[in-house]
Amino acid sequence: MVEPVGNQYVVARPVYSENSFGEEHKKVHRYHKTFLDHLRVCFRCSPQKAKNIATGLLPITSWLPAYRIKEWLLSDFVSGISTGLVAVLQGLAFALLVYVRPGYGLYAAFFPVIGYFLFGTSRHISVGPFPVLSIMVGEVVLKLVDEESWKQHFNNSTALDEERIQVAATVSLLAGIFQLLLGALQVGFVIIYLSQSLISGFTTAAAIHVVVSQLKFILQLPVIGCKEPFSIFCQITKTNIADLVTGLIILVIVFVVKEINERYKTKLPVPIPIELFVTVVAAGISYACNFKERFQVDVIGQLEKGFKPPIQLDMRVFQSCVGEAFSIAIVGFAVAFSVAKVYSIKYDYPINGNQELIAFGLSNIFCGAFSGFAASTSLSRSGVQESTGGKTQVAGLLSAVIVMIVILAIGFLLEPLQKSVLAALALGNLKGMLMQFKEIGVLWKKDKYDCMIWVVTFLCTVILGLAIGLGVSIGFELLTIVFRTQFPKCTLLANVGRSNIYKNRKDYVDIYEPEGVKIFSCPAPIFFANIDFFHDKLITSVGFNPLRVLRKRNKALRKIRKMLKKGELQMTPKSFICTVNGLNDSDEELDNNQIEELDQPTNMADLPFQIDWNAELPPNITVPRIDIHSLILDFTAVSFFDVSALRVLKATLKDFIRVDVDVYIVGAQDGFLDKLERCAFFDEEIKPSIFFISIHDAVLHILVKKNGDSSPKFKPMKEMGSSDHYIINTNGELRNRAYTIPTETKF
């Protein structure tokens with residue numbers, strides 16, 4: 001019964017052990033499905049299930065028939081044009097990160113959009129080139145295509161470009177295959193292993209790689225066969241001043257306008273399309289002033305019209321880039337799903353992680369087959385699509401139409417554009433990623449483990465490269481989880497405020513600890529990796545090792561029996577009397593006996609008296625004294641045990657019981673007792689009656705069992721007519737319920 005009293009409450013109920021609670025409150029018998037039951041459900045077919053599967057695999061069939069033409073079409077049209085213009089420029093710019101001709105970036109901005117339009121579940125993200133994925137693909141291109149040796153043997157720049165395109169397209173296609181397989185196997189949950197801290201640190205490090213890779217285009221340095229940035233600084237004297245000045249001017253303008261867009265985003269109807277403006281102006285000036293001839297700047301050059309036929313797969317590339325392709329698949333999906341999730345929460349519609357994997361897998365396979373490179377979603381481009389009024393992926397389809405128009409008809413207008421302008425635009429889109437450095441201080445205050453994950457991910461990715469750095473970072477992240485579970489913060493609890501609340505005894509002043517009772521809490525699952533740590537912490541907390549005490553007692557019993565047999569020991573009502581000054585038996589002689597005998601319970605049945613181990617013992621016999629009689633193990637936060645942990649736990653409990661310390665377990669999860677039964681955990685020493693519903697139930701049971709002798713302040717008084725009902729007031733006393741308790745002190 002719960003009786004509210006103002007802003008307090010009074011609870012009157014029996015003291016419950018798990019057994020007594022189960023006897024009074026019967027459980028509902030539930031049927032738990034077996035593996036065969038799940039298989040039957042999986043393979044069962046019905047018209048509704050078939051329809052759900054079809055709409056799940058092809059989401060366009062569910063949202064396109066419900067498309068509101070009058071309300072959404074105009075918004076999607078405006079958004080599609082704006083997003084398409086940005087996609088064209090980003091495609092050209094990010095192609096430089098892949099070390100292919102800029103025109104191939106347009107393919108990466110076109111083909112993935114078509115695939116995602118048909119199979120994707122997010123309505124707002126803009127699919128296409130992403131700088132992090134582009135630099136990852138570029139690393140594979142540099143690894144497999146040695147520019148210096150290629151030019152020495154073939155001296156053909158066209159063949160070199162074709163080889164780079166072949167590698168970039170193949171690794172992108174392989175990444176798409178991985179994504180498709182993961183989606184088909186329904187393992188979209190893999191994203192949970194990439195925490196926000198890891199993604200942030202990784203993308204920030206990738207931004208550093210992007211900055212370094214773009215320096216050669218801004219400075220127009222002929223870096224061949226060397227690794228940046230050292231080779232760049234070695235050739236810094238060969239910098240093209242016109243490209244440098246142009247790149248810096250564009251970079252400053254882009255940063256300033258993006259800051260204006262961010263600061264006044266609530267007042268601006270749409271973000272200022274600064275990339276479009278500077279591209280048009282820069283291309284016009286470069287063409288009018290003939291920068292290529294006058295200043296020898298590096299320009300985009302001829303953009304091939306139309307689309308390329310499907311590429312021929314190179315199995316050599318397949319075999320050489322499996323690891324990198326898998327990393328690209330995971331990173332691309334992680335970034336896209338994170339952005340999609342933000343918009344799905346904002347606009348309240350569901351997205352499916354497994355279907356997203358399938359959508360991106362098919363998109364990247366489609367893109368790689370037609371000479372594109374791996375795609376994900378760009379944060380800035382998705383922001384443009386959403387902020388300009390995009391409602392569905394119809395806006396994405398229209399942006400692909402804009403890209404197609406550039407590919408087929410007006411691409412020649414961009415041929416005079418300097419590559420340094422594209423590099424500056426690529427760097428301008430990194431502002432958000434580079435600003436993530438601010439998270440280090442915030443994470444350090446919030447959670448030091450997350451801060452360490454961020455820093456280690458950043459350093460590993462910068463030093464080791466994107467693919468290897470990602471693998472090492474995931475390993476470190478999982479290691480922190482293992483560390484937290486393997487070394488949990490076990491604590492001793494105490495009663496706070498003379499109520500039924502128990503907290504860490506070190507954190508509060510007004511605490512009460514029943515004499516002879518220790519309450520030990522473990523806030524983590526207990527399994528083979530941390531059971532030894534749990535055991536050591538428990539021994540440290542109680543102040544003695546029960547196994548050692550048990551062995552000492554059994555050794556002492558042996559000595560006492562020998563002394564009694566030889567007449568060297570006499571027993572008085574108050575103490576022992578030893579008739580000799582010393583013993584001839586040594587500890588070494590006693591230790592020669594089988595050690596298993598020392599681990600058995602002490603047996604005093606053959607003695608004419610009972611030994612109080614905390615009282616005075618005969619001379620030359622020393623046994624550690626134990627100052628507790630009860631130990632409570634709080635398993636409220638323990639989610640599971642494995643068999644190895646249960647074996648050690650059983651041995652530990654027996655050790656305590658054999659030295660006359662009663663052990664109680666509280667807060668065990670549902671089904672824990674059933675598991676213990678299956679594991680043959682219980683025997684004559686360990687019984688199910690040691691399990692209690694809560695810490696307070698166990699404490700009250702102990703106080704009643706010990707008859708209140710251990711604590712005069714905590715003396716229990718039974719309710720008339722009941723054997724197990726008690727009330728505790730805020731002065732820490734258990735009183736008869738007939739006693740009048742002031743309202744402000746009732747519990």
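**Figure 1. Contacts of E324 in the predicted model.** Beyond the residues up to four places away in sequence, E324 touches V140, K143 and A467. The residue belongs to helix α16, which spans residues 322-347. Its side chain is joined to the side chain of K143 by a polar contact of 2.7 Å. E324 is classed as buried because its relative accessible area is 18%, under the 20% limit. As in every view that follows, the coordinates come from a predicted model.

**Figure 2. M136 and the largest nonpolar core.** The largest nonpolar core comprises 96 residues, and M136 and V137 are those with the most contacts inside it. Helix α9, residues 157-184, supplies the largest share of this core, with ten residues. When neighbours within four places in sequence are set aside, the contacts of M136 are F202, S327, I328, V331 and L466.

Figure 3. T377 is part of strand β4, which covers residues 376-377. With a relative accessible area of 0%, T377 is buried. The side chain of S382 makes a polar contact of 2.7 Å with the side chain of T377, and a polar atom of the T377 side chain lies 2.9 Å from the backbone oxygen of S126. Leaving aside neighbours within four places in sequence, T377 is in contact with I125, S126, G128, F130, V335, A336, V339 and S382.

**Figure 4. F681 in the loop between α30 and β13.** F681 is located in the loop that runs between α30 (672-678) and β13 (691-692). The residue is buried, with a relative accessible area of 2%. Its contacts, apart from neighbours within four places in sequence, are L646, L649, K650, L653, L676 and I686. R647 is 34 residues from F681 along the chain, and the C-alpha atoms of the two are separated by 8.1 Å.

Figure 5. Q296 is not a glycine, yet its phi is positive, at about 55 degrees. This residue sits in the loop between α14 (291-295) and α15 (315-320), and its relative accessible area of 49% makes it partly exposed. S371, also not a glycine, has a positive phi of about 70 degrees. The loop holding S371 runs between α17 (353-369) and β4. S371 is buried, at 7% relative accessibility.

Figure 6. Which cysteine sulfur is closest to that of C522? The closest is in C490, at 3.9 Å, and this distance is too far for a bond, because a disulfide requires sulfur atoms within 2.5 Å. C522 is buried, with a relative accessible area of 1%. C460 likewise counts as buried, at 15% relative accessibility. Across the whole structure, the search returns zero disulfides.

**Figure 7. Confidence along the chain.** The mean pLDDT of the protein is 83, and 87% of the residues reach at least 70. Confidence is highest in strand β11 (residues 630-634), at a mean of 96, and lowest in strand β15 (residues 734-735), at 38. Over residues 710-747, pLDDT stays under 50, and the model has 80 contacts beyond four places in sequence for this stretch. Where pLDDT is low, the predicted coordinates should not be read in detail.

**Figure 8. The whole protein as context for the close-up views.** The secondary structure consists of 31 helices and 15 strands. Of the 747 residues in the protein, 50% are buried. The accessible surface amounts to about 37,300 Å², and carbon and sulfur atoms account for 60% of it. Among contacts in the protein with a separation of 6 or more, 77% join residues 24 or more positions apart.

How values were computed
Residues numbered from 1 in each chain as written. Heavy atoms only, no water. Core = buried A, V, L, I, M, F, W, Y, C linked by side-chain atoms within 4.5 Å. Buried < 20%, exposed > 50% of the residue type's maximum accessible area, 1.4 Å probe, protein only. Helix = DSSP H or I, 4+ residues; strand = E, 2+ residues; numbered from the N terminus. Contact = heavy atoms within 4.5 Å. Areas by Shrake-Rupley, 256 points an atom, 1.4 Å probe, with all protein chains shown as cover. Polar contact = N/O pair within 3.5 Å; in protein donor to acceptor, adjacent residues only side chain to side chain. pLDDT = per-residue confidence, 0-100.
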